[in-house]
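Have the sequence and the 3D view handy as you read.

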Amino acid sequence: PSNPSLQRTRLRSPLNSISLGRERRQLTLMSYDRADWHSGGDFPKDLSEEAGGTHIGMFLAWAIHNDLHGDLHREGSPEEVRRVLARAMTGREFLFKCCDGKFWDDDLSPEGNAFAKRYYRTSGSPTYFMDYDRVLAEDLPSNYHVQDTWANYDLIAPVITGRFRSFQRRKAPLWRRLLGRT
């Protein structure tokens, strides 16, 4: 990140530590996903390990483009956020440069986390992974073969946006939903 004092570090304890300026806090963070979780086992031998983070990067790029990224990146990675917004850096590049290949709850705003907890999961319906596979990986040998391009982002982003809008409608008060004011 632009500000190394905001980098996450893993400790040997079950808690994670984030250095926020001079203040050091112990926080329990929730990990949504990590590229290294995908690069072992039956991961395609013909791909780089970074391909295990393409799906994460697409979601992060969408969060940044929808102003749902967390304060960690607003304060610690503003130049990289600007580069993602300008499409000069992909979400996967951001994931590896600013997040060490790991997607944590502090990467998102509170609203972004509320949505990710419902959508960025492996069970239930619909899930981000179902949409990602259907939209981007249907004719590929695996979902890891999806290319890290803005053209692919442009295919998945409207789907995520639609899911986000549905999420917002469901959480709106009943009177707003009945009056169509969501």
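Predicted model: local features only at pLDDT ≥ 70, side-chain atom pairs only at ≥ 80, totals over all residues.

Start with helix H1 (residues 54-65) and helix H3 (residues 78-85): they pack at an angle of about 95°, and their axes are 9 Å apart. An angle from 65 to 115 degrees counts as roughly perpendicular, so that is how H1 and H3 sit to each other. On the H1 side, the contact uses Ala61, Ile64 and His65, which meet Val81, Val84 and Leu85 of H3. Five of the contact's residues are nonpolar, one is polar and none is charged.

Now stay with H3. Its buried residues are Glu80, Val81 and Val84. Looking down the axis of H3, you'd find them within an arc of 105°, so they line one face of the helix. After H3 comes Arg87, with a positive phi near 65°.

On to the rings. The structure holds 22 aromatic pairs, and here are two of them:

| Pair | Centre to centre | Angle between planes | Type |
|---|---|---|---|
| Phe59 and Tyr119 | 6.5 Å | 40° | tilted |
| Tyr119 and Tyr128 | 5.9 Å | 70° | edge-to-face |

Phe59 is in helix H1 and Tyr119 in helix H5 (residues 110-119), so their pair ties together parts 60 residues apart in sequence. Phe59 is buried at 1% relative accessible area, Tyr119 is buried at 3%, and Tyr128 is buried at 0%. Ring pairs also link residues into a cluster, including Phe59, Trp62, Tyr119 and Tyr128.

Notes:
Residues numbered from 1 in each chain as written. Heavy atoms only, no water. Axes fitted to C-alpha atoms, helices over the stretch in contact; angles between N-to-C directions. Helix = DSSP H or I, 4+ residues; strand = E, 2+ residues; numbered from the N terminus. Parallel < 35°, antiparallel > 145°, perpendicular 65-115°, else oblique. Contact = heavy atoms within 4.5 Å. Nonpolar A, V, L, I, M, F, W, Y, C, P; charged D, E, K, R; others polar. Buried < 20%, exposed > 50% of the residue type's maximum accessible area, 1.4 Å probe, protein only. Arc of directions from axis to C-beta. Phe/Tyr/Trp six-rings, centres within 6.5 Å; stacked < 30°, edge-to-face > 60°.
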